[in-house]
Amino acid sequence: GPLTLLGPAPGAPSCPHGPALLFVKTSQGKEEGRRFYACSACRDRKDCNFFQWEDEKVSETRLAAREEYNRNHQPPFTHRQNVDRYKNFILLPLSKRRFCQECQQLLLPAEWEKHLDHQFLCDITTAQLKSPSQLLYPLENKKTNAQYLFADRSCQFLLNLLIDLGFRRVLSVGTPRLHEMIQSRVSQEEEFSVRSLLLDIDFRYSQFYTEDEFCHYNMFNHHFFGGEAARETCRKFLYEENGERVIMVTDPPFGGLVEALASSFKKLMAMWKETEKEGHDNKEMPMFWIFPYFFESRILDFFPSFSMMDYQVDYDNHALYKHGKTGRRQSPVRIFTNLTPSMIVLPEEEGYRFCTVCQRYVSSGNQHCEICNSCTSKDGRRWKHCVLCKKCVKPSWFHCNNCNCCTLQKHSCEKTDIGCFVCGKAGHKRSACPSLS
């Protein structure tokens with residue numbers, strides 16, 4: 001049956017990805033069976049098979065073996081060592097700058113021998129060092145790393161939007177492309193005043209960024225691998241000196257658990273609040289959470305102050321989520337934000353217009369529905385109003401009297417006793433749940 005996350009528990013055991021999360025199997029909305037701990041970051045047992053029953057007594061031997069295992073599964077160098085290696089690396093002439101593709105590591109000449117039979121890239125330029133997201137392989141096990149990187153156009157749009165909104169500090173949580181774009185502008189333009197701190201689970205970035213620019217971080221359990229020092233770096237960054245306003249931008253793996261993410265993001269927001277700047281009392285740290293539109297109701301459950309923008313975020317290396325002939329023309333990925341929607345100006349040349357009634361920019365195909373009194377489309381197509389459902393639905397849906405809701409024409413309406421896993425109501429399966437629409 002489906003799992004329910006009970007959350008980060010104090011005293012939870014750890015795997016190489018930090019403290020594990022507590023789960024329980026559920027059936028028909030009721031908890032049943034033993035609670036257990038599993039890896040926070042990897043939904044796939046192949047990537048990390050950590051498992052422990054909550055009530056299990058773990059022997060000293062096994063605890064020792066586990067600690068040993070966790071130690072051996074840490075990266076070969078510390079962040080500090082990687083920073084020093086980088087300083088040495090950039091002093092090398094081009095002909096001596098190598099990057100091992102198998103180990104995903106910058107190599108110093110003394111280490112060449114160890115990597116002789118590996119594939120490597122030679123003549124690594126400064127430009128390549130400034131765009132590590134293109135030098136590194138994308139780690140495409142979808143659920144943990146899901147390294148789909150923003151397409152250049154979307155990244156430019158985001159950065160310009162942040163600048164226009166007056167933000168000078170960006171906490172980049174799992175958005176290496178955005179961080180990189182900010183860093184390269186910093187190095188090229190003297191008067192460019194935006195700063196970014198990258199929090200990411202991909203430790204390979206520690207080879208290219210100092211401890212003030214990158215923290216190794218797991219957004220599923222709010223774990224800083226660098227301990228108190230890294231946490232302090234983040235806290236310092238969130239402290240708004242000289243009125244430099246901070247915004248957090250995050251682009252989590254879409255297979256990730258929404259409630260685990262929400263719990264971490266609330267902790268980052270709390271960290272911002274605790275910096276005790278005047279006027280933080282009743283405010284939330286500004287945030288862009290980039291996620292597919294079908295998670296809207298889940299995100300709003302955790303963050304009622306958020307709303308979803310119509311802007312479609314495109315990705316470079318994701319077949320489905322980019323414009324053009326190969327992908328679905330429409331990306332389902334959106335920006336959820338706690339900023340006032342009317343402030344988020346979307347580019348008219350990309351097909352967005354301002355709706356004066358809704359006071360926000362919408363996709364040009366998104367027609368204002370007089371009955372709902374809002375622009376109701378979620379996917380860029382024009383939606384239609386169903387009088388019986390009392391709401392707008394996708395253009396391809398029809399009202400099924402048997403299921404008593406709108407759904408695809410070819411659907412199986414088996415009247416089952418078991419309630420749907422999403423809303424608990426009978427009469428439809430989880431995949432056809434109207435509350436997911």
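**Aromatic contacts in a predicted model**

**View 1. The aromatic cluster.** One aromatic cluster is formed by Phe150, Phe254, Phe265, Trp289, Phe291, Tyr293, Phe294, Phe295, Phe303, Phe306 and Tyr315. The model is predicted: local features need pLDDT of at least 70, side-chain atom pairs count only at pLDDT 80 or more, and totals for chains, interfaces and linings use all residues. Residues are numbered from 1 along each chain as its sequence is written, and side-chain values use heavy atoms, with hydrogens and water left out.

**View 2. The pair Phe150 and Tyr315.** The structure holds 20 aromatic pairs (ring centres of Phe, Tyr or Trp, the latter by its six-membered ring, within 6.5 Å; planes under 30 degrees apart are stacked, over 60 edge-to-face, the rest tilted). Phe150 and Tyr315 make a tilted pair, because their planes stand at 45 degrees, with ring centres 5.7 Å apart. The two residues are 165 residues apart: Phe150 lies in the loop between α4 (132-135) and α5 (152-164), and Tyr315 in the loop between β16 (307-308) and β17 (333-337) (DSSP runs numbered from the N terminus; helices are H or I of at least four residues, strands E of at least two). Phe150 is buried at 2% relative accessible area, and Tyr315 is buried at 1% (buried is under 20%, exposed over 50%, partly exposed in between; 1.4 Å probe, protein chains only).

**View 3. The pair Phe157 and Tyr311.** These rings are stacked, 3.9 Å centre to centre with 20 degrees between the planes. Phe157 belongs to helix α5 and Tyr311 to the loop between β16 and β17, 154 residues apart. Both Phe157 and Tyr311 are buried.

**View 4. Charges over rings.** The charged end of Arg98 sits over the ring of Trp112, 3.7 Å from its centre (NZ of Lys or CZ of Arg within 6 Å of the ring centre and within 35 degrees of the ring normal). The charged end of Lys384 sits over the ring of Phe398, 4.3 Å from its centre.
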